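Please keep the viewer open as you read.

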Amino acid sequence: MQGYILHTQKVRDEDLLVYILTPSLLVKSYRFYGARHSNVLQGYKIDFELEGGENFLPHLRSVLHLGYRWLLSRERLLAWQQFMRLLYAHLRDVEQIDEVYFRELELCASRFDRGAPKRLLIESYVRILEAEGRLHDELFCFICDEPVEDRVALARSFLPAHEHCAAQKGFEIEKIKMLFSERSTLLLDDDEIDALYSVLLQGF
């Protein structure tokens with residue numbers, strides 16, 4: 001079985017609870033500490049086996065890291081781990097999940113070494129919101145329910161609003177329309193990407 005480690009939680013001594021995202025499940029497992037065990041780190045893709053679990057959590061066994069070159073880049077790894085934390089907070093109470101989350105991680109991971117991390121994650125965030133039916137691409141202000149026709153401010157989950165309603169600086173509406181329709185950040189400059197990424201970090 002393969003999956004991405006979304007979260008680890010230290011328990012007794014050096015043992016860990018490990019939450020792993022697979023194509024159809026969020027697996028909660030128990031990892032016993034041992035000198036011969038490989039490290040289990042948030043964000044890593046692993047091949048693994050589960051053992052037992054009838055009366056307790058299944059034990060995580062035979063862990064093999066499936067590495068990417070970009071994991072050696074501190075900036076890229078930190079951005080990736082931030083996204084893992086957001087996904088874990090979003091999915092932690094669910095066991096069976098749609099494949100879209102795993103598919104998005106696979107797509108981002110394959111592009112992370114040559115693409116701009118924040119841009120890739122913003123585009124992935126938009127695709128996940130769309131898959132969940134929560135992408136508000138008609139651009140009606142979620143505060144006053146009137147259409148946004150000039151600059152659009154974005155709240156958590158990229159909810160659109162008028163600048164004056166949200167009391168924050170917005171984005172050129174054509175750029176956001178392209179982001180929502182084409183899942184592309186091409187029209188957005190680096191400052192706008194930073195602003196969008198700050199919204200993304202608020203969570204799903």
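What does the domain assignment of the chain give? It gives domain 1 (2-69) and domain 2 (71-201). Keep in mind that this is a predicted model.

**Where the domains meet**

The C-alpha centres of domain 1 and domain 2 are 28 Å apart. Between them the two domains bury about 2000 Å², and 64% of that lies on carbon and sulfur atoms. In terms of residues, 20 from domain 1 are in contact with 22 from domain 2.

Polar links are found here too: eleven residue pairs are in polar contact between domain 1 and domain 2 (both at pLDDT 80 or more). On the domain 1 side that touches domain 2, strand E1 (2-10) and strand E2 (16-21) each supply at least two residues. E1 gives the largest share of that side, with six residues. The count of salt bridges between the two domains is two.

**A look at glutamate 123**

Glutamate 123 sits in helix H3 (residues 117-131). Is glutamate 123 buried or exposed? Glutamate 123 is buried, yet it has no salt bridge. A salt bridge needs the nitrogen and carboxyl oxygen within 4 Å, and the nearest side chain of opposite charge, arginine 127, is 4.6 Å away. Beyond its neighbours within four places in sequence, glutamate 123 is in contact with Arg183, Ser184 and Thr185.

| Pair | Relation | Distance |
|---|---|---|
| Lysine 45 and glutamate 106 | salt bridge | 2.9 Å |
| Glutamate 123 and threonine 185 | polar contact | 2.9 Å |
| Glutamate 123 and arginine 127 | no salt bridge | 4.6 Å |

Technical notes
Residues are numbered from 1 along each chain as its sequence is written. This is a predicted model: local features need pLDDT of at least 70, side-chain atom pairs count only at pLDDT 80 or more; totals for chains, interfaces and linings use all residues. Side-chain values use heavy atoms; hydrogens and water are left out. Helices (H or I, at least four residues) and strands (E, at least two) are DSSP runs, numbered from the N terminus. Buried means under 20% relative accessible area, exposed over 50%, partly exposed in between (1.4 Å probe, protein chains only). Lys and Arg count as positive and Asp and Glu as negative; His and the chain ends are not counted. A polar contact is a pair of N or O atoms within 3.5 Å; within protein, one must be able to donate a hydrogen and the other to accept it, and residues adjacent in sequence count only if both atoms are side-chain atoms. Contact means heavy atoms within 4.5 Å. Domain bounds come from an automatic or database domain assignment. Buried area is the accessible area (1.4 Å probe) that two parts lose on being put together, summed over both.
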